[in-house]
Amino acid sequence: MPETDGSQMEKKIRDTAKLLKEADYVVAFTGAGMSAESGIPTFRGSDGLWGKYDPELLTIGSFMAKPLEGWQLVKDLFFDVISAARPNPGHYALAELEHMHRLHCIITQNIDYLHQDAGNRVVCEFHGTIKSIICPKCSRLYPSASVALSQLPPHCADCQTVLKPNFVFFDEAIPVDARENARAATLKADVMLVIGTSGAVPPACYLPDIARENGAMIIEINPEPTQYTKRITDIYLNGNAGDILPKLVAEVKSLIETL
Ligand code: NAD
């Protein structure tokens, strides 16, 4: 990287750290790119899964119509990959920021539980979680670890209905609690960190717009510009979450310690 780019990035990190130090309520809005450095592929962006799979396969209609094919796909794409993944330095940096009281809520589109594994406690899982599996008929919840995925599709022990991962498929409604909690946190935010999301999946993608309209500063961390970058982003930190977040948190720490 040319020196001017490096020093511009350092200045942007310093400016962002000052905002985080002064803010009353900081929200991080994260997407698949947050976990890319943990080895979990994103949907879009270079190396995204949509280069290899048809997104139609992850609609709720397709899953309900063909549960065996649907389960084979989500097992390969999510259950097998995510169960082997660990938090990366970006996740740990966000956990440290929460412990420093400089991050008040994470709204994540991810289902991988890596924010909680890293140590964050206030996490709104907008699209549900891989940690449980639900019966769509009787609503019985199963911890994922208790459901054998060696024989697909799995069935409810009570009513024999085919089980569904407890995450949201395309065209499926967002759980009311997640929607309301995310909106409440968004409306409180005076700074929103938008990390590793292309902003292409509604209704989650509207949250940064709502925060901005409500007066929040938008800080974006992503190696590729997105639909937000020119339109609403105040500071664009161009790079990987696992590189930038630890530097940002170190800068916040040094500002607090020099008080
Ligand atoms: P997306 O796949 O549409 O976009 C990923 C974004 O991450 C891109 O803008 C890409 O440039 C960026 N990116 C790639 N590597 C990065 C890195 N190291 N650091 C920072 N940014 C990086 O992701 P999305 O916007 O979250 O939408 C996809 C949907 O799929 C979401 O609903 C999400 O829940 C789901 N999903 C989740 C997981 C997961 O749980 N880990 C994985 C894949 C998809």
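Biologist: Which residues of α6 are buried?
Modeller: First, the basis. This is a predicted model, where local features need pLDDT of at least 70, side-chain atom pairs count only at pLDDT 80 or more, and totals for chains, interfaces and linings use all residues. Residues are numbered from 1 along each chain as its sequence is written, and side-chain values use heavy atoms, with hydrogens and water left out. Buried means under 20% relative accessible area, exposed over 50%, and partly exposed in between (1.4 Å probe, protein chains only). In α6 the buried ones are Ala 178, Ala 182, Ala 185 and Thr 186.

Biologist: Within what arc do the buried residues of α8 fall?
Modeller: The buried residues of α8 include Ile 244, Leu 245, Leu 248 and Val 252. They line one face of the helix, because seen down the axis they fall within an arc of 165°.

Biologist: Which exposed residues does the face of α8 turned away from its buried side carry?
Modeller: Helix α8 runs over residues 241-257. Its face away from the buried side carries Lys 247 and Glu 257.

Biologist: Now the ligand. How many residues surround the ligand?
Modeller: A residue counts as near if one of its heavy atoms lies within 4 Å. The closest are Phe 43, Arg 44, Gln 109, Thr 197 and Ser 198. By class, the shell has 9 nonpolar, 13 polar and 4 charged residues. The total is 26.

Biologist: What lies 2.6 Å from an oxygen atom of the ligand?
Modeller: A polar contact is a pair of N or O atoms within 3.5 Å; within protein, one must be able to donate a hydrogen and the other to accept it, and residues adjacent in sequence count only if both atoms are side-chain atoms. Asp 112 has a polar side-chain atom 2.8 Å from a ligand nitrogen. For the oxygen atom, it is a polar side-chain atom of Ser 198.

Biologist: How much of the ligand's accessible area does the protein cover?
Modeller: Accessible areas come from the Shrake-Rupley method with a 1.4 Å probe. On its own, the ligand has 850 Å² of accessible area, and the protein covers 94%.

Biologist: Is Asn 110 buried or exposed?
Modeller: Asn 110 is in the loop between β2 (105-108) and α5 (114-118). A polar atom of its side chain lies 2.9 Å from the backbone oxygen of Gly 31. With a relative accessible area of 8%, Asn 110 is buried.

Biologist: What kind of peptide bond joins Pro 202 and Pro 203?
Modeller: Pro 203 is in the loop between β7 (191-195) and α7 (207-213). Omega is about 0°; the bond is cis.

Definitions and conventions: Ala, Val, Leu, Ile, Met, Phe, Trp, Tyr, Cys and Pro count as nonpolar, Asp, Glu, Lys and Arg as charged, and the others, Gly among them, as polar. Helices (H or I, at least four residues) and strands (E, at least two) are DSSP runs, numbered from the N terminus. The expected span of a helix is 1.5 Å times one less than its number of residues. The arc is that of the directions from the helix axis to the C-beta atoms.
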